[in-house]
Amino acid sequence: MAKQIEVAGLDAYYGSHKAIEGISMTIEPRSVTAFIGPSGCGKSTFLRTLNRMHEVIPGARVVGKVRLEDQDLYGADVDPVSVRRTIGMVFQRPNPFPTMSIFDNVAAGLRLNGRYSRSELEGIVEESLKGANLWNEVKDRLNKPGAGLSGGQQQRLCIARAIAVRPQVLLMDEPCSALDPISTLAIEDLISQLKQDYTIVIVTHNMQQAARVSDKTAFFNLAAQGQPGKLVEMDDTSKIFTNPAEKATEDYITGRFG
Amino acid sequence: MTTQTRTQTRTGIRTTTGIQPVSAARRAKDRLVQALVYLAFALAVIPLLSVLWLVVKNGIGRFDLEFLTHSMRNIGARDAGGGAYHAIIGTLEQVLLASLIAVPIGLLTAIYLVEYGEGGRLSRIISFFVDVMTGVPSVVSGLFILAFWILVLGMPFSGFAGALALSILMMPVVVRSAEEMLRLVPRELREASYALGVPKWRTIVKVVLPTAFTGIVTGVMLAVARVAGETAPLLLTVFITDSINNNPFDGPQMGLPLYVFDQAGRPTDTAINRAWTGALTLILIVMLLNLVARLITWWRSPARRR
């Protein structure tokens with residue numbers, strides 16, 4: 001199920017502004033890769049290029065290659081919709097669909113893409129909610145609106161919604177930055193479980209979080225305001241946090257800037 | 001702080017923090033502005049209430065079963081009795097037809113402007129012309145249909161011709177209100193849907209439109225309320241009749257605004273009373289439609305299930 005992502009020489013633009021430049025990396029399957037770096041360095045932009053969400057923004061475009069196993073995601077005949085079906089995403093702010101119930105939220109990706117019988121849906125919804133550690137909290141009120149849950153529950157609902165379509169990769173854009181420490185812990189536990197089955201990429205501003213959950217860490221930085229962001233280095237998380245190769249990485253993780 | 005001093009406030013209260021009570025001048029200004037706001041509110045509401053009161057007081061007398069079930073056929077200005085059944089049918093049919101034309105076109109235009117136009121040349125041109133259409137006087141839309149549909153194409157006066165004229169008036173209102181509502185749908189919801197691998201058109205149909213549904217219905221109701229009371233375009237396209245004509249596609253029809261206009265122009269008390277009752281009926285119909293819309297939005301709202 002989990003697959004490897006390979007990126008080569010990737011630039012991303014917003015109109016004429018180049019947001020990230022020359023990024024190459026390999027993301028291993030069944031592992032958690034964390035992106036860290038100061039605000040505006042392009043980690044979220046880079047994350048969004050991995051499932052072609054970047055181009056949803058008017059004027060945004062990408063140059064370079066992203067490969068999922070042997071498939072070029074930016075190939076001429078590739079349907080971005082099917083890319084996003086394969087590579088799921090969880091956003092910074094929990095965003096359940098306000099008009100839908102908890103059940104419908106989780107089933108949304110399936111229902112909007114194809115025909116499933118009620119019993120199939122029920123099975124997948126239960127499995128996904130269990131996968132997101134939310135089942136016990138919501139099993140008695142599946143037909144209540146998703147927006148009525150707490151922030152942490154909403155975020156886990158969004159994770160359940162993302163894994164319900166059975167993606168091969170799960171991208172998470174600062175999934176805990178709007179949550180309290182207890183909900184954060186719940187999500188982090190969940191990430192460690194999910195990595196058994198998925199390739200997970202997580203953007204975070206929280207260095208402890210990167211150290212806790214990830215196997216590999218990539219540090220992004222930008223030379224100056226208005227310059228494109230670049231990948232400074234990427235290595236095993238333990239190495240990045242104890243003995244980074246680059247001075248800039250050390251300065252950042254020890255809190256000397258950023 | 002080493003040089004902490006006691007502050008003497010204007011009202012004479014001593015504090016150590018420098019935080020002062022509200023000064024008399026500000027208090028007075030606050031009162032003044034508050035009074036102005038209440039005054040403005042009263043000025044806005046008094047005409048409204050007095051219109052309602054007048055219509056109810058003068059119209060309630062003839063608001064009976066005969067009025068609702070009979071037409072004006074063979075009833076002269078001096079005769080008592082008679083009713084507005086033909087006008088009620090006409091208004092309902094014309095407004096319904098106008099909505100059937102204007103709402104889909106207006107909604108699709110709004111969807112184009114918000115979801116696909118992306119501020120391009122075409123969407124700016126459309127926006128401009130929608131603004132221009134908003135300012136078109138209602139009689140002009142009637143004249144346009146009269147000139148084009150009836151005189152050039154040779155179609156008869158009919159309820160449908162009136163509906164065409166009304167739909168011209170409705171369209172910009174629907175476009176503008178639906179556009180506002182669609183823009184209010186957060187970008188994150190669209191992205192959440194895209195990230196699940198849902199195509200754009202399904203995202204619009206299944207996520208964006210349901211989220212904006214309540215607001216869109218309200219906008220449509222405003223548009224309906226606006227055109228339901230139009231007289232001038234109907235005068236030029238629907239013509240006037242005293243008989244019942246259930247077929248909106250052939251021959252002159254009546255409408256409640258026309259009925260009011262027609263009856264109020266006749267010189268007898270019985271006719272004038274019928275005009276008042278016609279106005280009351282029109283207000284009630286619009287209110288009823290609004291109530292139905294409220295019910296629909298309430299029934300569809302997630303709050304109901306909470």
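Predicted model: local features only at pLDDT ≥ 70, side-chain atom pairs only at ≥ 80, totals over all residues.
**Chain B as a whole**

- Chain B is more spread out than a compact globule, because its radius of gyration is 27 Å, well over the 19 Å that the globule rule gives for 306 residues.
- The C-alpha trace of chain B spans about 100 × 60 × 40 Å along its principal axes.
- Buried residues make up 36% of the 306 residues in chain B.
- If you look at contacts in chain B with a separation of 6 or more, 72% of them are between residues 24 or more positions apart.

**Where chain B meets chain A**

- On the chain B side, 19 residues are in contact with 28 residues of chain A.
- Two or more residues of the chain B side come from each of helix H7 (187-195) and helix H8 (200-228) of chain B.
- H7(B) gives the most to this side, with six residues.
- By residue class, the side of chain B that touches chain A holds 10 nonpolar, seven charged and two polar residues.

**Positive phi angles in chain A**

- As background, most residues other than glycine have a negative phi.
- Asn133(A) has a positive phi, near 55 degrees, although it is a residue other than glycine.
- You can find Asn133(A) in the loop that runs between helix H4 (118-131) and helix H5 (135-138) of chain A.
- Asn133(A) has 17 other C-beta atoms within 10 Å, and since a residue is buried at 20 or more and exposed at 12 or fewer, Asn133(A) is partly exposed.
- Arg166(A) also has a positive phi in a residue other than glycine, with a value near 50 degrees.
- The loop between helix H6 (151-164) and strand E7 (169-173) of chain A is where Arg166(A) is found.
- Arg166(A) counts as partly exposed because it has 17 C-beta neighbours inside 10 Å.

Note on methods: Residues numbered from 1 in each chain as written. Chains lettered and ligands numbered in written order. Helix = DSSP H or I, 4+ residues; strand = E, 2+ residues; numbered from the N terminus. Contact = placed C-beta atoms within 7 Å. Nonpolar A, V, L, I, M, F, W, Y, C, P; charged D, E, K, R; others polar. Rg over C-alpha atoms; globule rule 2.2 N^0.38 Å.
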